[in-house]
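Open the model in your viewer and keep the selection tool at hand.

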Amino acid sequence: MNRLGYISVLISHFFTPATNTPLKANIVLLPGDGIGPEIVTQAQRVLETVAKSFGHQFEFSSHMIGGIAIDTCGDPLPQETIDACRDADAILLGAVGGPKWDDPSAKTRPEVGLLKIRKELGLFANLRPIRLFDELLDASPLRRDIIEGTDILFLRELTGGIYFGESGTGGNGQEESAYQSMVYSVGEVERIVRLAAKAAQGRGNRLTSVDKANVLEPSRLWRRVAAKVMQEEFPDVQYDVVLVDAMAMHLINRPSDFDVVVTGNMFGDILTDEASMLPGSLGMLPSASLGSDGPGLYEPIHGSAPDIAGQEIANPLATILASAMLLRHSLGLESEATSIESAVQAVLSDGLRTHDIARGGEAIGTNSMGSAVVDRLTV
Ligand code: NAD
Ligand code: IPM
Ligand code: MN
């Protein structure tokens, strides 16, 4: 198949009709740790069902990342996994990490594998849509009248900033210290802001940039560069800037005021976990990580949830919704993506809930939720 560049992918999402041609695609699965394998299994079942009903051929291969890769070969991102990802049309990841690998003095960490695959594939744009399902309006800890009408697309910069800045340690005793620097270049800010502005043009035409320009030098560069891009290239898009601390508050006070939000790596990480409480659970939020070419990587925004791993109670819907994003953004299969989203909506309408969204009510397990989505896809 043709690999689409990120701009055409986004544009195809908003403007071009879906293809009806049967498609062959090579999908790499990276189940990872904790609940990762449990939820990826369900998303794979969903993708297999879609392939069958729409006449596509999806080939899956599973590869190691994170803690399991450390245990097996001492490396959280083996070269074999990188090679498989490079050859893939799209990648679906579960989660990495867990207490077993949390020793601060360990040589490496599961999270290093995830950061490295993002960097290796140049996945600088992390799309995190905050979509509310009407059926879950009362699953949120926030009041229905506050969250109603919320529909936000976060664009989190994913391969720069403090996550990838120079770091080090030194000294002893009270003088022992550690540092990690936050660096952003003009080019890095321009490309993510451009993408966010284009996304805004395809929806509510409003963009909010979030920074900490009152304190941080890289945020001041971010603000200046973003303003220039918006003024020169997107004068039609309604644009504003908000400081990250205030944004944390606005998100739970007036979430429905926001359309597209663009921000740096760490702020985007934190704000989207907070935003997961709008739809009601981290278990509902998918994400897509895209670069200027090559395969996209799709994953839930949550982690490996060690507290519930192995119990078959994790919510697989975030990963299933990530597989819908995979079909849309990497394979150009809009109707197929929509069919998954509608199936998810249907199971929620039927009152089916995993424990995280049941809020004390009756809950079903991971596999039953996956089966329910598969059933709705086949009727
Ligand atoms: P977490 O996201 O794993 O879990 C936070 C809380 O949300 C937990 O109570 C968990 O049970 C719940 N939760 C998360 N996903 C759920 C789901 N699908 N269904 C039901 N409940 C769900 O965050 P954490 O506990 O802070 O981190 C655990 C590990 O995961 C750490 O090692 C961290 O580094 C890693 N992590 C990985 C990723 C990733 O791979 N993309 C993302 C975040 C955290
Ligand atoms: C996420 C996670 C990762 C991040 C960690 C596990 C490296 O929290 O995908 O949101 O901070 O980006
Ligand atoms: Mn996170």
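A polar contact here is a pair of N or O atoms within 3.5 Å; within protein, one must be able to donate a hydrogen and the other to accept it, and residues adjacent in sequence count only if both atoms are side-chain atoms. This is a predicted model, in which local features need pLDDT of at least 70 and side-chain atom pairs count only at pLDDT 80 or more, while totals for chains, interfaces and linings use all residues. Residues are numbered from 1 along each chain as its sequence is written, chains are lettered from A and ligands numbered from 1 in the order in which they are written, and side-chain values use heavy atoms, with hydrogens and water left out.

**Stop 1: ligand 2**

Arg118 places a polar side-chain atom 2.7 Å from an oxygen atom of ligand 2. For Arg128, the distance from a polar side-chain atom to an oxygen atom of the ligand is 2.9 Å, and for Asp269 it is also 2.9 Å. On its own, ligand 2 has 320 Å² of accessible area, and the protein covers 79% of it. Accessible areas come from the Shrake-Rupley method with a 1.4 Å probe; for residues, only the protein chains shown count as cover.

**Stop 2: ligand 1**

Move to ligand 1. Which residues come nearest to it? Of the 22 residues around ligand 1, they are Val96, Glu111, Gly303, Ala305 and Asp307. An N or O atom in the side chain of Glu111 is 2.5 Å from an oxygen atom of ligand 1. The side chain of Asp307 has an N or O atom 2.7 Å from an oxygen atom of the ligand. Gly98 takes part through its backbone, with a polar atom 3.1 Å from an oxygen atom of ligand 1. Ligand 1 taken alone exposes 800 Å², of which the protein buries 70%.

**Stop 3: strand 3**

Select residues 90–95, which form strand 3. Helices (H or I, at least four residues) and strands (E, at least two) are DSSP runs, numbered from the N terminus. Buried means under 20% relative accessible area, exposed over 50%, and partly exposed in between (1.4 Å probe, protein chains only). Strand 3 is largely enclosed by the rest of the structure, because 6 of its 6 residues are buried. Two strands pair if DSSP finds at least two bridges between them. Strand 1 (residues 24–32) runs parallel to strand 3, joined by 5 bridges, with Leu29 opposite Leu92. Strand 12 (residues 296–300) is also parallel to strand 3, over 3 bridges; there Leu92 has Tyr298 as its bridge partner.

**Stop 4: strand 8**

Now select residues 206–211, strand 8. Is this strand largely enclosed or open? It is largely enclosed, because 5 of its 6 residues are buried. Strand 9 (residues 238–243) pairs with strand 8 in the parallel sense over 6 bridges, and Val210 stands opposite Val242. Follow the chain from strand 8 through helix 8 (residues 217–233) to strand 9: this β-α-β crossover is right-handed, meaning that with the strands pointing away from the viewer, the path from the first strand over the helix to the second runs clockwise. Strand 10 is parallel to strand 8 as well, joined by 4 bridges, and Thr208 has Val261 as its bridge partner there.

**Stop 5: Asp259**

Select Asp259, in the loop between helix 9 (244–253) and strand 10 (260–263). Asp259 counts as buried because its relative accessibility is 4%. Its side chain has a polar atom 2.9 Å from the backbone nitrogen of Gly204 and also reaches the backbone nitrogen of Arg206, at 3.1 Å. Contacts of Asp259 (heavy atoms within 4.5 Å) include Asp151, Leu153 and Ala200.

**Stop 6: Pro306**

End at Pro306, in the loop between strand 12 and helix 11 (317–329). At 44% relative accessibility, Pro306 counts as partly exposed. Not counting residues up to four places away in sequence, Pro306 touches Gly98 and Pro99.

Notes
A residue is near a molecule or strand if one of its heavy atoms lies within 4 Å of it.
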